[in-house]
Amino acid sequence: MSEPISALNGSVYKEGIAAITATGPIGMISIRGDMTAGYLKKTLKKIAGVDMPDARGINLKVDKGIAWMSPDELLLICSYAEVATHLDTLHNAIGSNHAMAVNVSDARAVFRLKGKHIREVLAKLAPVDTSPDVFAPGTIRRTRLAQVPAAFWMVDTETAQLVCFRSVAQYVFDLLKTAAQPGSEVNHHRR
Amino acid sequence: MSTRIATGGRLLNKSNAVSFSFNGKHLRGFEGDTLASALLANDQMLVGRSFKYHRPRGIVAAGPEEPNALMNLGREGQFEPNQRATTTELFDGLEAASQNHWPSLEFDVGAINKYLSRFLPAGFYYKMFIHPRPFWKHVYEPIIRHSAGLGKAPKDRDADTYEHFHAFCDVLVIGGGVAGLEAARTAALSGAKVILLEQNAHWGGRAPVDGGTVEGKPINDHVDTLVAELAAMDNVQMRRRTMGAGVYDHSYVLGYERLKDHAPKAQGPRHRLWRIRAGHIITATGAIERPLSFAGNDIPGVMLAAAVRDYLVNYGVSVGDRTVVVTNNDDAYRTAIALVEAGLTVPTILDARVLPEDSALMARAKELGIRVMMGHAIASVKGGKRVTSVEVCSQAGEGAVLETIPCEAVAMSGGWSPVVHLWSHCGGKLVWDTALATFRPDVNNAPIGADGHGFVTAAGAAAGFFGLDDILHDAHAAADGVVTTLGFKLPANATSPNADRQEESPLAPVWMMPQGANAKLREKTWLDYQNDVKVSDVRLAAQEGFVSVEHTKRYTTLGMATDQGKLSNINGLATLAGALNADIPTVGTTTFRPPYHPISMGAIGGEARGEVFQPLRRTPMHSWHDANEAEWEPVGQWRRPYAYKRSGESTHDAVMREVTNTRKNMGLLDASTLGKIIVKGPDAGKFLDMLYTNMMSSLKPGKCRYGLMCSENGFLIDDGVVARIDDDTFLCHTTTGGADRIHQHMEEWLQTEWWDWQVYVANVTEQYAQIAVVGPNARKCLEKLGGMDVSKDALGFMEWVDGELGGFKCRIYRISFSGELSYEIAVVAGVGQAFWDALMVAGHDLGVMPYGTECLHILRAEKGFIMIGDETDGTVIPQDLGLGWAISKKKEDYLGKRAQERSHMADPERWKLVGLETTDGSTLPDGAYAVGEGKNENNQRNVIGRVTSTYHSPTLNKGIAMGLVLHGPDRMGEVIDFPGTDGKTYSAKIVDPVFYDKEGEKQNV
C-alpha cells in the first residue's frame, strides 16, 4: 500500500508573525463512551501513558496522549503507524460494553504554529480566550476557526498544534497565513 | 478667514510639515493635524454641500459628531467615501475631495433646491411621489437616486486587509479621557483584567483643552502620569484609535481599531474589529456639545464653541479673527477666554441667560474686556459661503435686530449631552436632567445581563458629571462599584484624586433663538445639518399629526443621516415637545443602535475575503481533477467535477461521452463527498428503524439496503445506502449535502429525545476516499488489481466486503446508482489519490474514463432513480415519488409516519412522480410547469405538474425527464403541455420513470 499523504503534504509559511507548518499525518482515534468506566480508563492509560484529562484538558507525552473533546468523547493521539494496534486493543477492551472507538486520522489535517504571536493568530480566528493564564499548555479548545470547526492546544509557550477537517486544510492554511500576515502583531498578551 | 496662528497646537509636530490635496488643490499641514484642522488652517471654510438643498456647509465640530465635513478619501483600491475630516488624521499624500455637489463645490447647480425649499418641506417626497403608483419605480426613484447620495461608490477592489480579534477581560473601559483613565486605574488596582479603548490617537479626551488642576498639578501632567501608570500594569491593555462601536447582550462589545488610516503605507491590516467579552463595561464616553437653533446656523464659520477651542488649543488654528460667542451656559466662556488670550478678538458674548450675578468664568471674560450681552441672542447669521456678520436681538423677543456685528466666526453652545449611545444599545434607560437640560443614564435602569444585574456603568461626563473634580470622583466610584460586584477588592489606600472646583452658573434651556422666532427665521434654522431638517419641518410634522418621536424622525429624516443625529437629536425632540406642548421626557428619544459611529464594511467582514471568503472543501483527489480539466460544480462547500473536458470538447460533448463510455466500458466517480456516518450501540438498529422509513434492524451484517429519511413532518430529507457492519454497528451513507446535517439530526434525536438509548454516532465522511467503479468492465478492472474475490458469488449485489485491492486495504460496497455493474470502494483518505491512480492504470485497456456529476445525474435519471434536491424540495413525501416500497408497513413508528397519515399527505390529488418523454425528442426545460384546463382565482392558467429533472440521454438519444404530475401514474401515455420561458410549448408523454434496463439485469451481473 502507498504511504499515506496528508492534505497539504508539508506546506510551510514563514514570512509572517508566526511560522505555520502543515505536518504529516498523525494518529487520531475518536472515543465515545463512559469515561469513568474502568475498561476505558485503564486501557487508555496503558496505551497513552497519561491520565485522563479534565474538561478542556489535554495530557500529552511527546506524540502520544489523550485530549478531552466533550463529556463523553475523547481523542487518543498517537503516531499514525500505531493506530491499527491501538484500535485493536481498544476494541478488545470495550468488548460487549457500549462504547465506540473510530479511526479518524485521515479525516484530519494538522498544523503547527510557532512563534511569539501564535496566541494572537489563533485569537483572530477563534472565539477563544488565548491569554497565557487561561490557555496554558495542557489545555485544548474544540472550537471554530473562522467558518470551520477546529481544535487546538499549546504544546509549549511558543508552539501550538491545530487540527481541522482534511477537506478544509487549504482553507485553514490560507486563514492562518492571513491571520499571521506581516505587520499584524496585536501585542495583546504582552507579558 | 481661518488660518494657522503662531502659538498653540499641542498635538502638532511642527517640525514635520506634510502635504495633502483637497479637490485637487495642494495644501500643507502638520503631523498631528486632522484633515479638518488642516483644511481650516488653509482657510478652507466651505467643505461640502448639504444633502437636500445643496447648501454650502463648513466644519461644525472637531470629533465624530461632525455632520458636514464628509469626504471622498484616497484613490483606486484605497478610495473610500463619507469619511469625516474631523476623525481623519492627516498624513503625507492624503487625497480628499468634497461630496454631494455638481459640477463643483464652489458652484453647485443643485443649490437651486434651496430656493425651492418652500416647496420641499418635510414629507414632500411621500406626498409628491405616491401617485400614480407605477411612476415611483420607473420615473421618480431613478431620478431621486441620481440626485441623492453622498460620496461616490468605490469602483476598485479594496486593496487593504482586515481582521477580527477576540479578547476577554473583567472590566472594559470605553473612552480614554480623564474619566476613563481614572476608571481603568481604579479597576486595575483591584487586580481585575482591564481593557481601555480610546477612539482618538491621544489620551486625556478634552480635559487638556478645558484645563484645570489635579492635586495641584496641571491636567496635562495628571494625564501623562495616569497613562504611564496604566502602561506599567500587567493587567491593563490600552488601545488608542479604537472606538467602542457597539454594546451587545452578554457584555459583548465590538471595538473598531483603525491601524493604518493614518499611515496607509504601513504593513498589516487596515482595521481590526475587536470582539470583546467583558465581565462589566464602563462607558466613559464623555459628552457632545449641542448647537443652538438660530437662523443661518448652518453657514460655514458657525461652529460649536468647544470645537473652536479645540482647533485653537490642539491645532493652533483660528477660525476667524473675530468670533462672536453665543451661549446658554458658562462653558462657552472658556472659548471666548481662550481666543482672547491667544490674541484674537471676541466682539461679544451673546448669553441668552439673565443671571443675578457673575460666575468666575463670566467675571474672567469681563476682566479680559470682552463685551458680555446677557439676555441677547442671534436673530440671524449673515453670509453665504462664509459668515460675514451676526444680527443681534433679544432672546425674549421675536427677532427685531438691535445691532449688526461683523465677524468671521460664530462659536455656539447650547449645552452638553452625555454620550449615552453605548449605555443605551442594550436597553439602558435614560432620565431627563432638568438642571443640565439633557438626558443622562438612569443608574437604576442599566442594561441587564443574564444574571439579572446591570452590565454597563456610565462614568464621568457620560454619566452627567461635568466638573473635573466630579468627573474624577464619579469615575473612581463607578470602577470601585464595578470591581466589587465582580468579586475584586480595591486596596485600602486606593483613593480618588481631587481636582480644583470651579462653580458655574446654571444653564438655561434654549431650544429656539430668539424664543419667539417667526416663521421666516424658523425656516432658516437648521436642526439636522446633514439631512437638511429645519425647525419648521419638525413643527410641520407635529402639526400633521406625527406625535411620536420615532414617526417624526422618519417623516422629517431628522437624525437619520450618517451622523445619526449626534448633534440634532435633543434639539429636534425639544422642538417637537415645544410644538406638541409636551414635556421633553414624555416625548422621549429615538432608539440608539450600534455602531456608535460608522465602521468599515471591511472590518465587519474581517479576514473573509478573496481566497478565504468561504471555506472550499476538497476531496483527496481534488488536485487530480483540477489538473485533468474538471469543470467544477459547487455542491455545498465542496467542489465536484461536473465533467472532464477534453480539448475541443464542449461541456455537453464531454458529458455525453462520459455517459456513453460508462455504459459501454467503465467510468470512475469521486464519491468521497458522500456522507459516511457510523452508528453503533445495542440500540443502533432500533434507532435506524426510527430514522429511516424502511426496516434497517433486519439487515444482515455484510448486506446493504437503500433507505429514505424523513423529517418529523413527513417530508423526504435524505436518502442513501446503509451497510450493516456487525450486530451493533451500521454505516449510513448520506447525500453530499446531507453529511453534516444528518449527523446533526442524529445527534439531536439522541441528545434530546432518545437520550437513554445506547447509541453513538460518528461522522467519518472525511476519513475515506470513496471511488465508484462503474460499467461493464468494472469487475475486470478490480480483478486486474487483484487481491480479493469480487465475483458475483463472493460479492453479490447490495453486499459489502473488506479486503485488499492492488495492495490497498479497502472496503467494497456493491451498490449501483447508475444501473450498471458498480463497486464503490472506500480507502483511507491519505491513499485516495494513489488508489485512484492505480484504478486509472488498471482500467487503461478497459476504456476507463473519469466522470462528473452531470454524467452521474443522467445515469441515474435513465434508471428513474430520484435525487434529493431535484425530485425533492422540502414539500415532497416518499409516497409522491412512488417509493411506497421503501416504507415499512410493519413498523409501529418512524420519523414522519404520523405526518404522512394526515389528510393532506394522503390526498390522492398530490402530484406524483412519472417519467416524461417529449413527443419530438427534444429536452424539456428544467422546472417547467404543465398547464391544465381553466384558470385560477388570480386569472392564471391552472397548473397540473412540473419537471423535476430533465436531460438529454445519449443512451436513448432523446430527451428524458421526471416530473410530478396530478394523477400522473394513472395517466400513462397521455400527452401534456409545458410552456417554456422561451415562448415554445413542449409536449411530453407521461411514461414510466425507468427509461433504461427496467429489469435491472445490468447491475446484477
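Predicted model: local features only at pLDDT ≥ 70, side-chain atom pairs only at ≥ 80, totals over all residues.

Start with the place where α3 and α4 of chain A pack: A:V121, A:K124 and A:L125 of α3(A) meet A:L175, A:L176 and A:A179 of α4(A). Sorted by class, that contact consists of 5 nonpolar residues, no polar ones and 1 charged.

Now the geometry of the pair. Two packed helices are described by the angle between their axes and the distance between the axes. Here the axes of α3(A) and α4(A) come within 9 Å, and they cross at roughly 120°. The crossing of α3(A) past α4(A) is right-handed.

Next, the interface. How many residues of chain A are in contact with chain B? There are 42 in chain A, and they are in contact with 42 residues of chain B. On the chain A side, four elements each supply at least two residues: β3 (27-32), β7 (100-103), α3 (118-125) and α4 (169-179). The largest share comes from α4(A), with 6 residues.

On to the interior. In soluble globular proteins, nonpolar side chains tend to be buried together. In this model the largest nonpolar core has 250 residues, and A:V172 and B:V773 are the ones with the most contacts inside it. From chain A, this core draws at least three residues from domain 1 (12-24 + 107-179) and at least three from domain 2 (27-106). There is also a second, separate core of 103 residues, including B:Y311, B:V313, B:V324 and B:A409.

Which residues does A:V172 touch, leaving aside those up to four places away in sequence? They are A:A109, A:F111, A:L145, A:V148, A:A150 and A:C164.

Last, one residue in chain B. B:L785 is found in helix α23, residues 778-785. Is B:L785 buried or exposed? It counts as buried, because it has 22 C-beta neighbours inside 10 Å, and the cut-off for buried is 20 or more. Not counting residues up to four places away in sequence, B:L785 touches B:L805, B:G806, B:A838 and B:A842. B:G843 lies 58 residues from B:L785 along the chain, and their C-alpha atoms are separated by 9.2 Å.

That is what I had.

Notes
Residues numbered from 1 in each chain as written. Chains lettered and ligands numbered in written order. Contact = placed C-beta atoms within 7 Å. Core = buried A, V, L, I, M, F, W, Y, C linked by C-beta atoms within 7 Å. Buried ≥ 20, exposed ≤ 12 C-beta atoms within 10 Å, placed from the backbone. Domains from an automatic or database assignment. Axes fitted to C-alpha atoms, helices over the stretch in contact; angles between N-to-C directions. Left-handed = near helix turned anticlockwise from the far one by under 90°. Nonpolar A, V, L, I, M, F, W, Y, C, P; charged D, E, K, R; others polar.
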